[in-house]
Amino acid sequence: MADLCNWDSYPEPPIEADVSLGGFERIDMPIDWLSEEWALGLSSAGLGAVFRLYAVSLRQSPAGSLPCTVADIEQLVPRSVASEELKEALSLWHSCSDGRRYWSRIVPLIEDAWGRKKGKKTKDAMRKRRERLAVKLMECGMTENGAKFHEVQDMVLAALPDGAQLTTKNVMNAATAAGLVGNVRPVRTDTLGQSSDGPKVSGGQSLDSPRTANGQHSDSPNVSAGIRPTRYSESHGR
């Protein structure tokens, strides 16, 4: 019979279809729950059934909803809940166009819990993203402390294109664009302290580095004085 029902004539569900509280640790309840008007007209047994249904609805999808048919609901509650008690409790739950029942009183509670769950998931996701970013920044040559600094990470994240993955290449490009790293070619030195790939003339000097006979630059202020001895060399030369 439920399948033949024209659900389009029912009101829209008060809770979004993707709301889920599975695995959520806590949900708040009003301190004056039992003194509210909806509770005053229920018998003790009916009130107990309400709490049963409420607890069951938290694990449903969407959270805070119940199946529409009584037969399906009976499968979710203990056999100790009598039919009359269940009927009394279900008077608070109304069918909606998605083919499920909702109780308007608990909608704010569900929405509040869902908001806190999403906030927790967002924080966890950002923490993990920053951890991955720090690893990539260290691969780009940044120190561990620098890679974990939030201000540095914020600059890199701002320079990343929308939807870009945290690959080493993308992070390197973003860090370079942010001015945090640069493309520096390492210089290998030989025994004379010169670049191994620089053009040389006799004596191991570069073509573009004019020197005097003692190996100093011609524009050095101490050309004629030679190398000034240090305290270490004076003490060992005596």
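In which segment is Met-29 found? Met-29 belongs to the segment before helix H1 (37-40), where helices (H or I, at least four residues) and strands (E, at least two) are DSSP runs numbered from the N terminus. The model is predicted, so that local features need pLDDT of at least 70 and side-chain atom pairs count only at pLDDT 80 or more, whereas totals for chains, interfaces and linings use all residues. Residues are numbered from 1 along each chain as its sequence is written, and side-chain values use heavy atoms, with hydrogens and water left out.

The secondary structure of the protein chain comprises 9 helices and 3 strands. Along the sequence these elements follow the pattern α-α-β-α-α-β-β-α-α-α-α-α. The chain has 238 residues, of which 32% count as buried; buried denotes under 20% relative accessible area, exposed over 50%, and partly exposed the range in between (1.4 Å probe, protein chains only). The accessible surface of the protein chain amounts to about 16,000 Å², and 53% of this belongs to carbon and sulfur atoms. Among contacts (heavy atoms within 4.5 Å) between residues at least 6 apart in sequence, 58% join residues at least 24 apart.

Met-29 also contributes to a surface feature. Together with Leu-34 and Phe-51, Met-29 makes a nonpolar surface patch of about 260 Å². Patches consist of residues with over 30% relative accessible area and no salt bridge, with like charges joined within 9 Å and nonpolar side chains (Val, Leu, Ile, Met, Phe, Trp, Tyr) within 5 Å. Met-29 counts as partly exposed because its relative accessibility is 40%.

A search of the whole structure finds 5 salt bridges, each defined as a side-chain nitrogen of Lys or Arg within 4 Å of a carboxyl oxygen of Asp or Glu. Side chains of opposite charge can pair when their charged atoms come close. One of the salt bridges joins the side chains of Glu-36 and Arg-105, at an N to O distance of 2.6 Å. Glu-36 lies in the segment before H1 and Arg-105 in the loop between S3 and helix H5 (107-139), so this pair ties together parts that are 69 residues apart in sequence. Glu-36 is buried at 13% relative accessibility, whereas Arg-105 is partly exposed at 22%.

Glu-139 forms a salt bridge with Lys-136, the closest N and O atoms lying 3.7 Å apart. Glu-139 and Lys-136 are separated by about one helical turn because they are 3 residues apart in helix H5. The relative accessibility of Glu-139 is 47%, which places this residue in the partly exposed class, as does the 22% of Lys-136.Helix H5 also contains Ala-113. Ala-113 counts as buried, at 0% relative accessibility. When residues up to four places away in sequence are not counted, Ala-113 touches Leu-21, Phe-24 and Ile-27. Ala-113 and Val-19 are 94 residues apart in sequence, with a C-alpha to C-alpha distance of 9.8 Å.

Ser-65 is found in strand S1 (residues 65-67) and is buried, with a relative accessible area of 0%. A polar atom of the Ser-65 side chain lies 2.6 Å from the backbone oxygen of Pro-62. The side chains of Ser-65 and Arg-100 are joined by a polar contact of 2.8 Å. A polar contact is a pair of N or O atoms within 3.5 Å; within protein, one must be able to donate a hydrogen and the other to accept it, and residues adjacent in sequence count only if both atoms are side-chain atoms. The residues touched by Ser-65, not counting those up to four places away in sequence, include Trp-93, Arg-100 and Arg-101.

Arg-101 lies in strand S3 (residues 100-102). Arg-101 is buried yet has no salt bridge, and Asp-72, the nearest side chain of opposite charge, is 9.1 Å away; Lys and Arg count as positive and Asp and Glu as negative, while His and the chain ends are not counted. The side chain of Arg-101 reaches the backbone oxygen of Cys-68 at 2.7 Å. Apart from residues up to four places away in sequence, Arg-101 touches several residues, among them Ser-65, Cys-68, Ile-73, Leu-90 and Trp-93.

Conventions: Areas by Shrake-Rupley, 256 points an atom, 1.4 Å probe, with all protein chains shown as cover.
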